[in-house]
Amino acid sequence: GYALFEQIHLPFIPALLGGAAVAALIAALIGFPLARLSGASAVIATFALLMVVHTVLLNWSEVTNGPRIIFGIQGLTTLWTVVAFGLISVVIGYWFKETGLGLKLRASREDEQAAASIGIDIVVVRWVAFILSAFLTGLAGGLWAHFITIFSPVAFYLTQTFLIVTMLIVGGMTSISGAVVGTVVIS
């Protein structure tokens with residue numbers, strides 16, 4: 001359980017990458033059914049998934065310390081670390097957007113039936129994008145944990161979710177630059 005994880009000590013960057021890889025693996029396992037949905041059903045299912053994960057994290061005391069605070073995390077995240085990882089994430093976002101997979105994802109967003117009619121496997125494209133976003137989100141979570149150094153599963157629920165959604169709405173959900181602008185404005 002929790003004691004097992006206490007014994008694992010990795011340097012900062014490998015720990016961040018390992019945490020991001022675990023997030024991507026979990027996304028790969030649970031994301032395929034979500035990728036089959038679209039519209040309101042996708043929003044409802046994603047919100048339900050958030051509720052299930054939150055409940056599990058809050059009650060799995062052996063792994064997450066339950067609702068109690070996790071402390072003792074080293075404060076290794078600096079402003080320059082965040083800037084570097086932020087810039088890397090933006091570059092990855094722009095790169096993905098311009099790959100064949102990114103173009104297919106945008107096509108499926110604009111007109112799902114037309115994209116499917118020209119042979120785009122919409123479910124696989126969405127699934128891969130979900131995995132990549134989980135990896136980047138895992139990196140961000142690791143950076144945040146090493147910045148605040150003390151947190152509980154309670155910190156990862158509705159407040160954070162609505163804050164991130166607000167950032168996307170303010171900046172514009174269809175562009176990477178919009179996401180960056182929304183983040184800067186809300187922050």
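Me: Contact here means heavy atoms within 4.5 Å. In this predicted model, with which residues is Leu139 in contact once its neighbours within four places in sequence are left aside?

Reply: The place of Leu139 is in helix H8, and at 7% relative accessibility this residue counts as buried, the limit being under 20%. The C-alpha atom of Leu139 is separated by 6.9 Å from that of Gly19, although the two residues are 120 residues apart along the chain. With neighbours within four places in sequence left aside, the residues in contact with Leu139 are Leu16, Leu17, Ala20 and Phe85.

Me: How far apart are the end C-alpha atoms of helix H3?

Reply: Helix H3 runs over residues 40–59, and its 20 residues, at 1.5 Å a residue, should span 28 Å.

Me: Within what arc do the buried residues of H3 fall, and which exposed residues does the face turned away from them carry?

Reply: The buried residues of H3 include Ala42, Leu50 and His54. Seen down the helix axis, the buried residues of H3 fall within an arc of 110°, so they line one face of the helix. Among what covers these buried residues is helix H9 (158–171). The face of H3 turned away from its buried side carries the exposed residues Ala40, Ile44, Val52 and Asn59.

Me: Which residue forms a salt bridge with Glu112?

Reply: The structure holds two salt bridges, and in one of them the side chains of Arg109 and Glu110 meet at 2.7 Å, N to O. Arg109 counts as partly exposed at 44% relative accessibility, whereas Glu110 is exposed at 59%. Glu112, itself partly exposed with a relative accessible area of 29%, has its salt bridge, with the closest N and O atoms 3.1 Å apart, to Arg126.

Me: How many residues apart in sequence are the parts tied together by Arg126 and Glu112?

Reply: Arg126 is buried, with a relative accessible area of 19%. Because Arg126 lies in helix H8 (residues 122–148) and Glu112 in helix H7 (residues 112–117), the pair ties together parts whose distance in sequence is 14 residues.

Me: Which backbone oxygen does the side chain of Ser108 reach?

Reply: Ser108 lies in helix H6 (residues 100–110) and is buried, with a relative accessible area of 3%. Leaving aside neighbours within four places in sequence, Ser108 is in contact with Ala115, Ile122 and Arg126. Its side chain reaches, at 2.7 Å, the backbone oxygen of Leu105.

Me: What is the phi of Thr149?

Reply: Thr149 lies in the loop between H8 and H9 and counts as partly exposed at 24% relative accessibility. Although Thr149 is not a glycine, its phi is positive, at about 65°.

Terms used. Residues are numbered from 1 along each chain as its sequence is written. This is a predicted model: local features need pLDDT of at least 70, side-chain atom pairs count only at pLDDT 80 or more; totals for chains, interfaces and linings use all residues. Side-chain values use heavy atoms; hydrogens and water are left out. Helices (H or I, at least four residues) and strands (E, at least two) are DSSP runs, numbered from the N terminus. The expected span of a helix is 1.5 Å times one less than its number of residues. Buried means under 20% relative accessible area, exposed over 50%, partly exposed in between (1.4 Å probe, protein chains only). The arc is that of the directions from the helix axis to the C-beta atoms. A salt bridge is a side-chain nitrogen of Lys or Arg within 4 Å of a carboxyl oxygen of Asp or Glu. A polar contact is a pair of N or O atoms within 3.5 Å; within protein, one must be able to donate a hydrogen and the other to accept it, and residues adjacent in sequence count only if both atoms are side-chain atoms.
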